[in-house]
Amino acid sequence: MRIGFGYDVHRLKGGRKFILCGVEIPCEFGPDGHSDADVALHALMDAMLGALALGDIGAHFPDSDDRWLGADSSELLRHVYGVVNAHGYCLGNADITIVLQSPRVSPFIDEMRSKIALVLGVSVSEISVKATTEERLGFTGSGDGVAAHAVVLLKRI
Ligand code: MG
């Protein structure tokens, strides 16, 4: 088995779609970035790549490459999981924590888990998504940004 950890942050900006784990959250602001800026899926992909010591998504999908401009991170995740499979591994389980002050995302957690499970072709019971605030402290607390942490366990196919 292999374990991996991923972490990502995006600045929040007015007029951007708020997409988390492939699910659009109704909101008048959202994470800024080159792709759709899905901070949770970015952390998840980095965890998968980290588990196999394959670098990070910055190396696989450089933001200097316009192929990834506005990219759907669900498609990037599908690609990364294909790389994982090609190396002879599949997902054991994944655990994601999203850190943000607002909006409230708890009503969307089950949809997020289902979306990730669908993209990866795994059981929803292997996918955990949690959300927390940082009690109005720091850049997430002030609403300047959103962060996500992810841990994955990969197992031999
Ligand atoms: Mg990112």
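# Strands, metal site and pocket

Ten, written 10, is the number of bridges that join β1 to β7, and the two strands run antiparallel. One point of contact between them is Tyr7, whose bridge partner in β7 is His149. Two strands are said to pair if DSSP finds at least two bridges between them. The strands themselves (E, at least two residues) and the helices (H or I, at least four residues) are DSSP runs, numbered from the N terminus.

The model is predicted, so that local features need pLDDT of at least 70 and side-chain atom pairs count only at pLDDT 80 or more, while totals for chains, interfaces and linings use all residues. Residues are numbered from 1 along each chain as its sequence is written, and side-chain values use heavy atoms, with hydrogens and water left out.

Strand β7, residues 145–156, also has strand β5, residues 89–99, as a partner: the two pair in the antiparallel sense over 10 bridges. Within this pairing, Leu91 has Leu154 of β7 as its bridge partner, and Asn93 stands opposite Leu153 in β7. Strand β5 is joined as well to strand β6, residues 127–132, by 6 bridges, and here the strands run parallel. In β6, Val129 stands opposite Ile96, and Thr132 stands opposite Val99. To pass from β5 to β6, the chain goes through helix α4, residues 109–120, in a β-α-β crossover that is right-handed. A crossover is called right-handed if, with the strands pointing away from the viewer, the path from the first strand over the helix to the second runs clockwise.

How many of the 11 residues of strand β5 are buried? The number is 9, so strand β5 is largely enclosed by the rest of the structure. Buried here means under 20% relative accessible area, exposed means over 50%, and partly exposed lies in between (1.4 Å probe, protein chains only). Ile96 belongs to strand β5, and this residue counts as buried because its relative accessibility is 0%. Ile96 lies 53 residues from Ala43 in sequence, yet their C-alpha atoms are 8.0 Å apart in space. In a regular strand, side chains alternate between the two faces of the sheet.

The next feature is the metal site. The magnesium ion has as its protein donors Asp8 (OD), His10 (NE2) and His42 (ND1), which lie 2.1 to 2.2 Å from the ion. Donors are N, O and S atoms within 2.8 Å of the metal (3.2 Å for Na, K and Ca); water is not among the atoms, so sites may look incomplete. Along the chain, the donors of the magnesium ion follow the spacing D-x1-H-x31-H. Asp8 and His10 are both buried.

Strand β1 (2–14) and helices α1 (39–51) and α2 (57–60) each contribute at least two residues to the lining of the largest pocket. By class, this lining has 4 nonpolar, 6 polar and 4 charged residues. Ala, Val, Leu, Ile, Met, Phe, Trp, Tyr, Cys and Pro count as nonpolar, Asp, Glu, Lys and Arg as charged, and the others, Gly among them, as polar.

Several details of the backbone remain. Pro103 is found in the loop between β5 and α4, and the peptide bond from Ser102 to Pro103 is cis, with omega near 0°. Cys21, in the loop between β2 (18–20) and β3 (23–25), has a positive phi of about 55° although this residue is not a glycine. Arg136, in the loop between β6 and α5 (138–141), is a residue other than glycine with a positive phi, near 65°. Are these two residues buried or exposed? Cys21 is buried, with a relative accessible area of 0%, whereas Arg136 is exposed, with a relative accessible area of 63%.
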